[in-house]
Amino acid sequence: MNQADARDGVVTLRTPLGIGPALDVVAEFFQRVIAEDSEALSELLTRDALAIQTGSSGQGQPPSARLWWEQRFRRLDYGKLAGEPVYRESELQIFRAEDVLAAPQHPAIQPETLDDQDVVIRVPIMTARIAADRLLGDEIVVWLRRDGPRFRIYRLLEDFQIQ
């Protein structure tokens with residue numbers, strides 16, 4: 001249980017996860033993308049994780065995040081990002097459910113759909129392209145959901161189309 005009311009009597013509450021584990025998942029995500037390791041990447045995703053293309057017309061169901069990245073790995077060479085600064089941790093914007101109500105949030109994230117333990121991290125991308133190859137959008141919004149003692153990626157929001 002994440003929260004309780006005083007009328008509930010004696011209950012055991014889960015300790016909230018700090019921001020550190022959320023930042024670790026973001027770092028692992030990019031390491032696994034650069035390694036093009038679909039299997040390891042899928043370990044970071046919830047079963048129902050979706051990849052939402054924010055610049056698209058919104059037609060159809062967003063693809064599964066796992067399938068979306070497998071398709072990208074087949075078409076693009078993410079190994080080219082090895083050794084490149086993909087993002088700066090100091091530029092990340094971190095939101096919890098209570099923050100999203102008070103701050104401008106991404107239009108694809110509705111406050112009423114956030115669990116009280118969710119963390120949303122806006123990642124401005126420093127190296128979106130290598131030479132003529134566009135590999136990432138200008139930003140990726142990583143929506144993390146608690147799964148037991150850790151976070152997993154629930155939604156990835158990015159303005160990116162495979163050419």
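Predicted model: local features only at pLDDT ≥ 70, side-chain atom pairs only at ≥ 80, totals over all residues.

Me: How many helices and strands does the chain have, and in what order do the elements run?
Reply: The chain contains four helices and seven strands. Read from the N terminus on, the order of these elements is α-α-β-α-β-α-β-β-β-β-β.

Me: What share of the contacts between residues at least 6 apart in sequence joins residues at least 24 apart?
Reply: The chain has 163 residues, of which 42% count as buried. For contacts between residues at least 6 apart in sequence, the share that joins residues at least 24 apart is 62%.

Me: What is the end-to-end reach of helix H1, from its first C-alpha to its last?
Reply: Helix H1 covers residues 19–34, which makes 16 residues. At 1.5 Å a residue the expected span is 22 Å, and the computed reach is close to that, at 23 Å.

Me: Which elements do the buried residues of H1 pack against?
Reply: The buried residues of H1 are Ala 22, Leu 23, Val 25, Val 26, Phe 29, Phe 30, Arg 32 and Val 33. In an α-helix, residues three or four places apart point the same way, because there are 3.6 residues a turn. The buried residues of H1 pack against helices H2 (38–42) and H3 (65–75), and against strands S2 (93–96), S3 (119–124), S6 (139–147) and S7 (150–158).

Me: Which strands are the edge strands of the five-strand open sheet?
Reply: The sheet has mixed pairing and the strand order S1-S7-S6-S3-S2. An edge strand here pairs on one side only, which applies to strand S1 (45–53) and to S2. The edge strands are therefore S1 and S2.

Me: Which residue in S6 is the bridge partner of Val 119?
Reply: S3 and S6 run antiparallel and are joined by six bridges, and within this pairing Val 120 stands opposite Trp 143. S3 also pairs with S2 in the antiparallel sense, over four bridges, where Arg 96 stands opposite Val 119. On the S6 side, the bridge partner of Val 119 is Leu 144.

Me: How many of the six residues of S3 are buried?
Reply: A residue is counted as buried when its relative accessible area is under 20%. By this criterion S3 is mostly covered, and the number of its buried residues is five.

Me: At what angle does H3 run to S1?
Reply: H3 lies across two strands of the sheet, S1 and S7. Its angle to S1 is about 60°.

Me: Why is the pair of Trp 68 and Phe 160 classed as it is?
Reply: The search of the whole structure finds eight aromatic pairs. In this one the ring centres of Trp 68 and Phe 160 are 6.4 Å apart and the planes meet at 75°. Planes over 60 degrees apart meet the cut-off, so the pair of Trp 68 and Phe 160 is edge-to-face.

Me: Are Trp 68 and Phe 160 buried or exposed?
Reply: Trp 68 belongs to helix H3 and Phe 160 to the segment after S7, 92 residues apart. The relative accessible area of Trp 68 is 8%, and that of Phe 160 is 4%. Both values are under 20%, so Trp 68 and Phe 160 are buried.

Me: Which residues do ring pairs link into a cluster?
Reply: Phe 73 and Tyr 78 form an edge-to-face pair, at 5.8 Å centre to centre and 75° between the planes. Both of these residues are buried. The cluster linked by ring pairs consists of Phe 29, Phe 30, Trp 69, Phe 73, Tyr 78 and Tyr 87.

Methods:
Residues numbered from 1 in each chain as written. Heavy atoms only, no water. Expected span 1.5 Å × (residues − 1). Buried < 20%, exposed > 50% of the residue type's maximum accessible area, 1.4 Å probe, protein only. Contact = heavy atoms within 4.5 Å. Pairing = 2+ DSSP bridges. Axes fitted to C-alpha atoms, helices over the stretch in contact; angles between N-to-C directions. Phe/Tyr/Trp six-rings, centres within 6.5 Å; stacked < 30°, edge-to-face > 60°.
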